[in-house]
Number of protein chains: 2
Amino acid sequence: MLKEKTTVLKFGGTSVADAECIKRVCSIAIEEAKTANLVMVVSAMGKTTDGLVKLAKEFNSLPEGRELDMLLSTGEQVTASLVSMCLHEMGYAASSLVAWQAGFITERAHNRARIAKIKTERIQGHLSKGEIVVLAGFQGITDCGEVTTLGRGGTDTSAVAVAAALGAQKCDIYTDVDGVYTTDPRIIPEAKKLDIVSYEEMLELASLGAKVLHPRSVELAKKYDIDLSVRSSFKPEDKGTKVIKLSEVERMELTQAVTGVALDKKQAKLGFIGVPDTPGIASKIFTTLASNNVSVDVILQSVAREGIIDVAFTVNQDYLRKAIQISEEIVKEVGAEKVVHDESVAKISIVGAGMLNKPGIASEMFTALFDAGINIQMITTSEIKISCVIDLEHAEEAVKAIHSKFNLAGTVEEIIV
Amino acid sequence: MLKEKTTVLKFGGTSVADAECIKRVCSIAIEEAKTANLVMVVSAMGKTTDGLVKLAKEFNSLPEGRELDMLLSTGEQVTASLVSMCLHEMGYAASSLVAWQAGFITERAHNRARIAKIKTERIQGHLSKGEIVVLAGFQGITDCGEVTTLGRGGTDTSAVAVAAALGAQKCDIYTDVDGVYTTDPRIIPEAKKLDIVSYEEMLELASLGAKVLHPRSVELAKKYDIDLSVRSSFKPEDKGTKVIKLSEVERMELTQAVTGVALDKKQAKLGFIGVPDTPGIASKIFTTLASNNVSVDVILQSVAREGIIDVAFTVNQDYLRKAIQISEEIVKEVGAEKVVHDESVAKISIVGAGMLNKPGIASEMFTALFDAGINIQMITTSEIKISCVIDLEHAEEAVKAIHSKFNLAGTVEEIIV
């Protein structure tokens, strides 16, 4: 009964927000199911997860991770059953499966667990009966039977992981935007949709607050070489943006210096001021933060002046309180004068696969910011990315300046297509 | 770490309707947990289940049982996690468990599955760590890993079943009424609360539309001799109604003729008119209905006149459409003239453990109805129950007449206490 091809389609919260939306995604799925064994992976409807988090706060100011996962995982279970009912109404065989049924095993961690393995027997059993399988995304269970969730955007990762486990020929991520853009179109209306983007670029964009794909889903897709696309459930005729291998991009000679501009407004900056320049200071600070599960993003260590340095770093605003608390605890130990912090910062980044083959990209970015009168507080670079921390109030302005500097609105189509 | 005593407390939808209600039931639980290993069994919050059923109808006019169970079971999962969070906030260790974690195995049936067994290892593991265990009621899983639900009111059954499986010393069912009454206090304001009632009487009352306890929970409590009480979470100081063994009631010489009056307005009557009086007719009709899962309640076969009989019966209104369809299919086969039906009927019943030791109770009931000018359409009796099917529009009037005839308002306190 199994067809040759297997396809995984993921539908995010806005794509399944109400009955009309769900009927729309069911039509997309039915069309796909004509030629492939079909697995749908669904998110909670609309703003359900936010609503559940808010509900939890009525009972506990800091809900335990285990119980929060128990609560949040119901959102996707609701969607999966409704989608399955909708497919039945439309005349198609379908079964919803939640994590413990679908064999989604994660590590023993709550709220941000990583998938360890997927036991696909049961999914394959339903597929071989000709059913569309509707999986509740975002959730897993541990080997000892605890409910876990994968973190915000985790349904993308559920979809790519099950595509990898099933050896699926493609994985389409349906969302409320019709693809990946050179930057956020809400800031720059002229932003252009990319028809293709490399995993590496997508990964940097995803990590940088371009909230199209969950970073871990891109990592997984890259690792298992999954044919991944970002598409809109509201414009199913549009092919969206295809995420492909860097080598393939290069072979196609499509590499360009800058693919996109990403903005992250959820950053906060902390600084240890007046630290004696002795070995082991940075190690002490960042080991302590890491062991308390605070992820640090940009790090800047000033050049020593009279044996004294400053160490600054950024964290996601959600971790600021914890980071301040930990920093205050070790301020004496590292011999610093004081700890300061600033929530009014943003990180702006440019990403491009061909960046390092073309010198001068960084300086062009800095010049664009300088010309716009925007001060750069911190800089960090990777192979295909340059990020600057700037004042939050100039964030949108900075995106405009850089987007314009690299001619992303006008030229991308010509370069890419 | 385990205490000597184990207690199960069940909290229904109105008892966990909002944050304030949940805090109230957590206080009740914490008090109980001081002296016993404590298991809480919770329903979905307020009208959640109704809301989910309505939601399902937006997608499918007749949702498949499997998917409906998947959907509905989320309601109790939400409550269980919130109750657990609330207990944490109040400083107590607690863990929520859903059916697949708590080992609630049911038969392979949806929407009205019966519990087959409870594998209590995991519940006991949490209890032995000194935690309060918060179970999602109403749900189970089959031996092949499908989600099931136990039917409306099923959380009562979850609670009694887990009390039996754990060998619990008591099981308190907390609801929005403070006990079992001689009849529905909304109809007869003078209705009296019963301090004790026998399992058998409770079972008849529960089956007869006195919606205090799920009938299967009473059966189970009787079978495993569970110390069961019905109490109000809004008046925890009130001891409620204790459900005890009939033999114990008799030993206490508390047996009375009529314990309560129950009214069921969800009945519908069907009749096969003009059936030839040949053997096997009743068997044919009721076997066909049973094999189509239609539960028949009262059955009346008229005395043959000129070789012709009428066969009338009642079903729950929810099954009327199906019952009509099945009846129409076999009307020729049984040689009947036609099938008629009537939705405007109600069943009124009196229940009392000592009924059969006191002749004349039935005639007193019939007299009460006659004096009130109410026609009796059908009669059925059991050891401790007499039921009459009457016109729906006289239902409340009938309850008043009978409640008054047996002096239930005035004398019960003296007899019972």
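**Close-ups of a predicted two-chain model**

**View 1. Where chain B meets chain A.** In this contact, 26 residues come from chain B and 26 residues from chain A. Keep in mind that what you're looking at is a predicted model. On the side of chain B that touches chain A, the elements giving two or more residues are helix H1 (19-33), helix H2 (48-57), helix H3 (65-89) and helix H4 (99-102), each of chain B. Sort the side of chain B that touches chain A by class and you get 13 nonpolar, 9 polar and 4 charged residues.

**View 2. H2(B) against H3(B).** Here we zoom in on two of the helices from View 1. H2(B) and H3(B) pack with their axes 9 Å apart, at an angle of about 150°. Angles over 145 degrees count as roughly antiparallel, so H2(B) is roughly antiparallel to H3(B). As for handedness, H2(B) makes a right-handed crossing as it passes H3(B). On the H2(B) side, look for B:Thr48, B:Thr49, B:Leu52 and B:Ala56. They meet B:Leu68, B:Leu71, B:Leu72 and B:Gly75 from H3(B). By class, the contact of H2(B) with H3(B) has 5 nonpolar and 3 polar residues, with no charged residues.

**View 3. A four-stranded sheet in chain B.** Now we move along chain B to an open sheet of 4 strands. Reading across, the order is S15-S20-S22-S21, and the pairing is antiparallel. Strand S15 (260-264) and strand S21 (376-382) of chain B are the edge strands, each pairing on one side only. From one strand to the next, the twist averages 20°.

**View 4. S21(B) and S22(B), side by side.** This one picks out a pair of strands at one edge of the sheet, S21(B) being an edge strand. S21(B) and strand S22 (residues 385-391) of chain B run antiparallel, joined by 6 bridges. To get your bearings, find B:Ser382, which stands opposite B:Lys385 in S22(B).

**View 5. Two helices that contact the sheet strands.** Start with helix H12 (residues 361-371) of chain B, which packs on the sheet. H12(B) touches strand S20 (345-351), S21 and S22 of chain B, and its direction makes about 20° with that of S22(B). Next comes helix H13 (residues 395-405) of chain B, lying across S15, S20 and S22 of chain B. H13(B) runs at about 15° to S20(B).

How values were computed:
Residues numbered from 1 in each chain as written. Chains lettered and ligands numbered in written order. Predicted model: local features only at pLDDT ≥ 70, side-chain atom pairs only at ≥ 80, totals over all residues. Pairing = 2+ DSSP bridges. Axes fitted to C-alpha atoms, helices over the stretch in contact; angles between N-to-C directions. Contact = placed C-beta atoms within 7 Å. Nonpolar A, V, L, I, M, F, W, Y, C, P; charged D, E, K, R; others polar. Parallel < 35°, antiparallel > 145°, perpendicular 65-115°, else oblique. Left-handed = near helix turned anticlockwise from the far one by under 90°.
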